[in-house]
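Let's take a walk through this model together, one feature at a time. Keep the viewer open as you read.

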Amino acid sequence: MFEGQLPPLLKAALDPVSEARTGALGMGPWDPAWELGEQPHARVRAYPAGKLALFDGARPTGVSIPIVAYVVRVGDLTLTVDSGLSERWRGTTGEPLAEQGPAPGMRYRPLLDGPSFAESLDAEGIRPDRALCTHLHLDHAGGVRALGLPVATSAEELAVALDPAVAGYPRQDLQGLEFAPIVLDRGPVGPFPRHARVAPGLLALDTAGHTPGSISFLACLGTSWALLCGDAVYPVADQPDSAAFLGMLRIRRALAEVGGTLVLPGHDTAVLRACAGGAWLGSDAPAEG
Ligand SMILES: [Zn+2]
């Protein structure tokens, strides 16, 4: 069984102030999560959906960060979580984006140099029923148009992403799409302040911080939970007072409370290796067509 590879901030010891904040987080009941265990168990598969080429200033470093999109099957439903890059990044060359990369002076350039997420699904005859997104940055929502489905994400994320005054969202990718807001109108689950049931066997959890409306999805694989969390586990490490850091602390607390939870983030090589060749997480049997 694939146990995942925890992102650095989830496994490293934190400073005493952050540890104390983690311990002091308000905790709600876990009941909505336990109930997942009684519903149809999910299977999850990860797909490469582009990459972020890293630049040191204007110079390509040759290093890139993978972009992961997921398919979740639960009951009769096939759902996608995030969707990778749009076709407009196919084989692109040129300048990196203006936004700051993972370290001072570093920048990214999105690059689609393999099949898009939609092409990978097409090739396998997988036709998703719904397209969910953890948030609407270009490396998570860019591929939704090609899936031909409305984009389901939190109502807060939609409000921010569609506000022309807010920078950092790919207007080009989002323009003219249909949207299906997920309203987190139910109470806390463990350290997560709000939740919604998006499908039988699948919860959306409030993990705001990376963006104001970032959410994660929790499913039960039968032997463990899977938390599909987008970029909620990658706050800037030296900004412990940021909203993004708090979102990450909520996930740390959840892991401390419920051991063995599989963290499935938006940029991860281990989960791609685990699913290479068509393997599904959460089932020993191959998924039927
Ligand atoms: Zn991302």
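How many aromatic pairs does the count come to?

## Aromatic pairs

The count comes to four aromatic pairs, where rings of Phe, Tyr and Trp (its six-membered ring) pair if their centres lie within 6.5 Å; planes under 30 degrees apart count as stacked, over 60 as edge-to-face and the rest as tilted. In the pair of Trp34 and Trp225, the ring centres are 5.3 Å apart and the planes stand at 35°, so this pair is tilted. Trp34 belongs to helix α3 (residues 31-36) and Trp225 to strand β11, so the pair ties together parts that are 191 residues apart in sequence. Helices (H or I, at least four residues) and strands (E, at least two) are DSSP runs, numbered from the N terminus.

Trp34 is partly exposed at 48% relative accessibility, whereas Trp225 is buried at 9%. Here buried means under 20% relative accessible area, exposed over 50%, and partly exposed in between (1.4 Å probe, protein chains only). Ring pairs also join Trp30, Trp34 and Trp225 into a cluster.

## About the model

This is a predicted model, in which local features need pLDDT of at least 70 and side-chain atom pairs count only at pLDDT 80 or more, while totals for chains, interfaces and linings use all residues. Residues are numbered from 1 along each chain as its sequence is written, and side-chain values use heavy atoms, with hydrogens and water left out.

## The strand sheet

Now follow Trp225 into its sheet. Five strands form an open sheet in the order β8-β9-β10-β11-β12, with mixed pairing; two strands pair if DSSP finds at least two bridges between them. At the edges stand β8 (195-199) and β12, each with a single partner strand, so one side of each has no neighbour in the sheet.

Strand β11 (residues 225-230) pairs with β12 in the parallel sense over four bridges. Within this part of the sheet, Leu227 stands opposite Val263 in β12.

## The zinc site

The zinc ion has Asp139 (OD), His140 (NE2), Asp231 (OD) and His267 (NE2) as protein donors, lying 2.1 to 2.2 Å from it. Donors are N, O and S atoms within 2.8 Å of the metal (3.2 Å for Na, K and Ca); water is not among the atoms, so sites may look incomplete. In sequence, the donor residues are spaced D-H-x90-D-x35-H. His140 lies in helix α5 (residues 138-141) and His267 in the loop between β12 (262-265) and α10 (269-275), so the pair ties together parts that are 127 residues apart in sequence.

Both histidines count as buried: His140 at 0% relative accessibility and His267 at 13%.
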